[in-house]
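Please keep the sequence and the model open while I talk.

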Amino acid sequence: MAARLRRILQLNGSGADVDAGVVKEKNAQIGDNFSVEGVTVYQDANGAPVEQISPLGYHVGWYGILFLNVSQMVGTGVFSTPGSILRALDSVGLTMLYWVFGAIIAAAALAVHLEFASCFPHRSGGQVVYLEQAFPKPAFLFATAYAFFTVAFSFSSSNAVVLARYIYRAAGYSAGEWANKGLALAAYTFLAFICLVSNKWSLRLMNLISAVKLIILVFIAITGFVVLGGGTHIKDPHANFRNSFDGITSNANDIVNALVSINFSYTGYANAFNVVAEIKNPIHTLKRVAPLSLLIVSILYILANVAYFAAVPAAEIRESGELAAAMFFEAVFGTKAAKGLPALIAVSAAGNIMAVIIGHSRMTRECARQGLVPWPHIWASTRPFGTPFAPTLLMWALTAIVILALPFGDAFNFLVDLRSYPDSVFLFLMVVGLYLVRSRRKKEGQPVAPYRSWHVANILSAAVCLFILIMPWYPPEESDYSFWYATYCAVGIGLLVGCALYYFFWIKWLPKLKGYAIRTETLVSDQDGSVSHRLTKVPNADLPEWDRTHDDAGNVLVEAGATTSVDGNQHLLKRVRVTDTETEDNTVETKV
């Protein structure tokens, strides 16, 4: 069979200056490579189609990358977790080292993301894409599991509740549970609406809030230096740093819980990888700005904790719960000044919510473009505002359900924590998959990735994931829940096993029982240029004809130079059929 292009070039309504008439590719084979903007890209055919022109536009510059990461990393963690971390470790010195360890661990995982992004520089969605491409066989297995967790956990209820609580605290109002729920939902609705109607303005507002966050942390860090220098009424600012490694806990569960809290505080270092397709020259920009965002945040985190321990006795921080930053402000500036802190933390929480909505909506959209979500063209569509409308609406709906349906307490916190265990599984699989991608590219004669992660970074990421997966099973001295301490681990594993069983039933057993096979079909919207796959049931009797007339990516093959539009049940879809002929200069010319 003649050489075929594996991906089609689609037009979109963004007005970008693109020549859609002819695509040339040297020796393009099924499962081989294609060229976009002069960059040769290899991608397995089962993956979602590459959108060579982003239907979401190109609104993410270097500052967008910086603030997408900063805004998700700096939520409420640095203001609230120091007390719980110190309580778990029983050592000021080790607590400070944990913030350094967290930065190193995040940097190692960031390197893994950078190499994946350099292999697939025109795919948004981050981990969605990387697991899809790292494990193409069994087809759709890992993508199905990740799609389930991405869609089912598309809520930011905890962030919204924290935002509401701090708004009430700043106003000096003692709110009940339903008052908190109402304000949490109203605040989340407002922020989601901005993300729903405009990519440009949602990014601008998030950038502004992120800048305020950095100013807050810089102010805390500078104040800490003033305290250490004796410029305030604090009598002995160095007391907590003497014999700071005495009394370190020996409980393994406490050690891993503290590490989980640290990792939570750094979560967001890879948020910009969810919008890679919306960045011009993504690899050049990401490999410079993404590490910079992590470096800035990690330095400010460490300095903020130095400031806390310089101003507040360790015993008080240990029992502070979520009020470590409040106690710092009260100790340095007095009770009246400390009342303004909740407003600053509320602003920080709002920026975190926006960063999560922007990143996670792209992940959900990418899962749909793989064909693993019903009605993929609806989820992939960017109409009517040029935003991921359906994924953002889904996030709002699930967040509203969780906020309104679950009472605050163990059940609420359990549902929030449940996602953390599968996240470590997926990150571990990403590291393993990175080596599989390297091996596959080498066998296929592909060049090495433009960016390569160090082996030590990969090994460190995998080791930390295994540590976090194994150690929570060790009994703690005391549990934060009223039920078995490892329930969230067991349920997380159960959900992963359930996804695997569902996959084999849906993709393997049911087709064999009913006499059909699953094939991918490429769908292109003629309204916004979005491209997605749809999984189609093809009867066994029709398989030879299907495979003869379709390439592995689901594109229909017809005579050279012809195009065909096929209207299905949804008239907004147009399936573009392509074919290719080899020219004398050994290139493939495909007209769309």
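This is a predicted model: local features need pLDDT of at least 70, side-chain atom pairs count only at pLDDT 80 or more; totals for chains, interfaces and linings use all residues.

Helix α1, residues 62-73, packs against helix α15, residues 341-369, at an angle of about 120°, and their axes are 7 Å apart. Axes here are lines fitted to C-alpha atoms, for helices over the stretch in contact, and angles run from 0 to 180 degrees between N-to-C directions. That angle makes α1 oblique to α15, given that angles under 35 degrees count as roughly parallel, over 145 as roughly antiparallel, 65 to 115 as roughly perpendicular and the rest as oblique. Residues are numbered from 1 along each chain as its sequence is written, and side-chain values use heavy atoms, with hydrogens and water left out.

The crossing of α1 past α15 is left-handed, meaning that the near helix is turned anticlockwise from the far one by less than a right angle, whereas clockwise would be right-handed. On the α1 side Leu 68, Ser 71 and Gln 72 meet Gly 351, Asn 352, Ala 355, Val 356 and Ile 358 of α15, where contact means heavy atoms within 4.5 Å. These residues divide into four nonpolar, four polar and no charged; Ala, Val, Leu, Ile, Met, Phe, Trp, Tyr, Cys and Pro count as nonpolar, Asp, Glu, Lys and Arg as charged, and the others, Gly among them, as polar.

Helix α15 also packs with helix α8, residues 177-197, at an angle of about 45° and with axes 10 Å apart, and the two are therefore oblique to each other. Their crossing is right-handed. Tyr 188, Leu 191, Ala 192, Ile 194 and Cys 195 of α8 make this contact with Ala 350, Ile 353, Met 354, Ile 357 and Ile 358 of α15, and by class the contact has ten nonpolar, no polar and no charged residues.

Turning to α6, residues 141-152, we find this helix packed with α21 at an angle of about 130°, the axes being 9 Å apart, which makes α6 oblique to α21. Here α6 passes α21 in a right-handed crossing. The contact includes Leu 141, Phe 148 and Phe 149 of α6, and Leu 495, Cys 499 and Trp 506 are among the residues of α21 that take part; by class the contact divides into eleven nonpolar, two polar and no charged. Phe 142, also in α6, is 357 residues from Cys 499 in sequence but 9.0 Å from Cys 499 in space, C-alpha to C-alpha. Leaving aside neighbours within four places in sequence, Phe 142 is in contact with Phe 135 and Leu 429.

In the loop between α5 and α6 sits Pro 138, joined to Lys 137 by a cis peptide bond with omega of about -10°. Phe 140 is found in the loop between α5 and α6 as well, and has a positive phi, near 80°. Elsewhere, the bond from Arg 383 to Pro 384 is cis, with omega near 5°, and Pro 384 lies in the loop between α16 and α17.Finally, the second largest pocket holds about 580 Å³ of space. On a 1 Å grid over the protein atoms alone, a pocket is an open set of points where a 1.4 Å probe fits, with protein on both sides within 12 Å along at least five of seven lines, and lining residues have an atom within 4 Å of a point; points are joined across faces, edges and corners, and the volume is the space filled by probe spheres set on them. Among the residues closest to its centre is Phe 140.

How values were computed. Helices (H or I, at least four residues) and strands (E, at least two) are DSSP runs, numbered from the N terminus.
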